[in-house]
Amino acid sequence: MSRKAPVSEAPSEIDITEILALIPHRYPFLLVDRCEDYVPHTSIVGIKCVTANEPFFQGHFPGYPVMPGVLIVEALAQTGAVLMSKSLNVDVRGKAIFFMSLDNCRFRTPVRPGAVIRLVVEVLRARSDIFKFKGRALVGDKVCAEAEFAAMVVET
């Protein structure tokens, strides 16, 4: 007798088309290429493929390009916004998810062109349309940045 694996209630993979439907960010400021391991109201992993032609590398820094830390944190926040938008079924035509706070932010390792950043975001607390997250950005097994942050749904 064979048993079937339990079927997940929600798909755990989110492609770029769905990300574009879930959050209002657009290139060059969209900093999440896809998401995986989505668990509603709980966690998500965003993926950012860092390419040498990213516009910020022209000035940060010529001769030794490094992704700005603030953009790594923004990528974590966008990953959290995807989790919120999908979990809460937010209609982005009349609402947006705004960053509220940033705590305990640390930068550990520079991110260079060619890196694939895994943006691991976990929900610490959720109340109505406000979420508090813990996020870590990793390249391979090295932590590049980590922070706690909060976001809320706002009428636009």
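**Helix 2 and its surroundings**

Modeller: The model is a predicted one. Helix 2 covers residues 69-88. From its first C-alpha to its last it reaches 29 Å, close to the 28 Å expected at 1.5 Å a residue. After helix 2 comes N89, whose phi is positive, near 55°.

The side chain of S85 has a polar atom 2.8 Å from the backbone oxygen of L22. L22 is also on the contact list of S85, together with V90, V92 and I97, once neighbours within four places in sequence are left aside.

The setting of the helix comes next. The protein has two helices and six strands. Along the sequence they follow the pattern α-β-β-α-β-β-β-β, and helix 2 is made up of residues 69-88. Of the 156 residues of the protein, 41% count as buried. A compact globule with 156 residues would have a radius of gyration near 15 Å, and the protein, with 16 Å, agrees with that. Along the principal axes, the C-alpha atoms fill a box of roughly 55 × 50 × 30 Å. The accessible surface comes to about 8,800 Å², and 55% of this belongs to carbon and sulfur atoms. Among contacts between residues at least 6 apart in sequence, 63% join residues at least 24 apart.

Strand 1, residues 34-39, contains E36. E36 is buried, with a relative accessible area of 16%. Apart from residues up to four places away in sequence, E36 touches S12, E13, I44, V45, I47 and R118.

Strand 2, residues 43-49, contains K48. K48 counts as buried, at 3% relative accessibility. The side chain of K48 makes a polar contact of 2.9 Å with the side chain of E54. Leaving aside neighbours within four places in sequence, K48 is in contact with E54 and also with L30, L31, D33, A115, V116, I117 and L119. V143 is 95 residues from K48 along the chain, and the C-alpha atoms of the two are separated by 14 Å.

Last, the cysteines. A disulfide is a covalent bond between the sulfur atoms of two cysteines. A search of the whole structure finds zero disulfides. For C49, the closest cysteine sulfur is in C35, at 12 Å, which is too far for a bond. For C105, the closest cysteine sulfur is in C144, also at 12 Å and too far for a bond. C49 is partly exposed, with a relative accessible area of 30%. C105 is partly exposed as well, with a relative accessible area of 22%.

Definitions and conventions
Residues numbered from 1 in each chain as written. Predicted model: local features only at pLDDT ≥ 70, side-chain atom pairs only at ≥ 80, totals over all residues. Heavy atoms only, no water. Helix = DSSP H or I, 4+ residues; strand = E, 2+ residues; numbered from the N terminus. Expected span 1.5 Å × (residues − 1). Buried < 20%, exposed > 50% of the residue type's maximum accessible area, 1.4 Å probe, protein only. Contact = heavy atoms within 4.5 Å. Polar contact = N/O pair within 3.5 Å; in protein donor to acceptor, adjacent residues only side chain to side chain. Disulfide = S-S within 2.5 Å. Rg over C-alpha atoms; globule rule 2.2 N^0.38 Å. Areas by Shrake-Rupley, 256 points an atom, 1.4 Å probe, with all protein chains shown as cover.
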